[in-house]
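Colleague: I am new to reading models like this one. Could you take me through some features, one at a time?

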Amino acid sequence: MVARVQLPQQAKRGEIIEIRVAIQHPMETGFRFDLNGRAIPKNVINNLSVRYNGSEVFRAELGSGIAANPYLQFFTVAEASGEFVLEWIDDNGIRGLERAAISVIE
């Protein structure tokens, strides 16, 4: 799975920053049928967690009510230069991982 993470490259210490995440995933609900009339199995992203320099700053539990290619947005405080690590898992057990760095200035 591919994800696009948008956050500022640089921020001042203590500044509130916005983080946007778009994950490429079909988010199949299990209610649709293919061209042969067979049910398409449910496969949605269940959990998304975001760690900033090792500390969790955001967690989401997703379900079948979320559209394909889910987009999430949240805010956190820029405390130190480092890395955001985003991890998620879907119903098929497939895990995704994306990283994004930020530089914090005084």
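**Confidence first**

Modeller: This is a predicted model. In the protein chain, confidence is lowest in strand 1 (residues 2-6), with a mean of 95, and highest in strand 2 (residues 10-12), at 98. Strands are DSSP runs of E, at least two residues long, numbered from the N terminus. Residues are numbered from 1 along each chain as its sequence is written. In this predicted model, local features need pLDDT of at least 70, side-chain atom pairs count only at pLDDT 80 or more, totals for chains, interfaces and linings use all residues, and side-chain values use heavy atoms, without hydrogens and water.

Colleague: What is the mean pLDDT of the protein chain?

Modeller: pLDDT is the predictor's confidence in each residue, from 0 to 100. Here the chain mean is 96, and 100% of its residues reach 70 or more.

Colleague: How many residues does the largest nonpolar core have?

Modeller: Such a core joins buried (under 20% relative accessible area, 1.4 Å probe, protein chains only) Ala, Val, Leu, Ile, Met, Phe, Trp, Tyr and Cys residues through side-chain atoms within 4.5 Å. The largest has 24 residues; Ile17 and Trp88 are among those with the most contacts inside it. Strand 7 (82-90) and strand 8 (95-105) are among the strands that each supply at least two of its residues.

Colleague: Is Pro41 buried or exposed?

Modeller: Exposed means over 50% relative accessible area. Pro41 is exposed, at 62%. Its place is the loop between strand 3 (16-24) and strand 4 (45-52). Contact means heavy atoms within 4.5 Å. Leaving aside neighbours within four places in sequence, Pro41 contacts Glu28 and Gly30.

Technical notes: Helix = DSSP H or I, 4+ residues; strand = E, 2+ residues; numbered from the N terminus.
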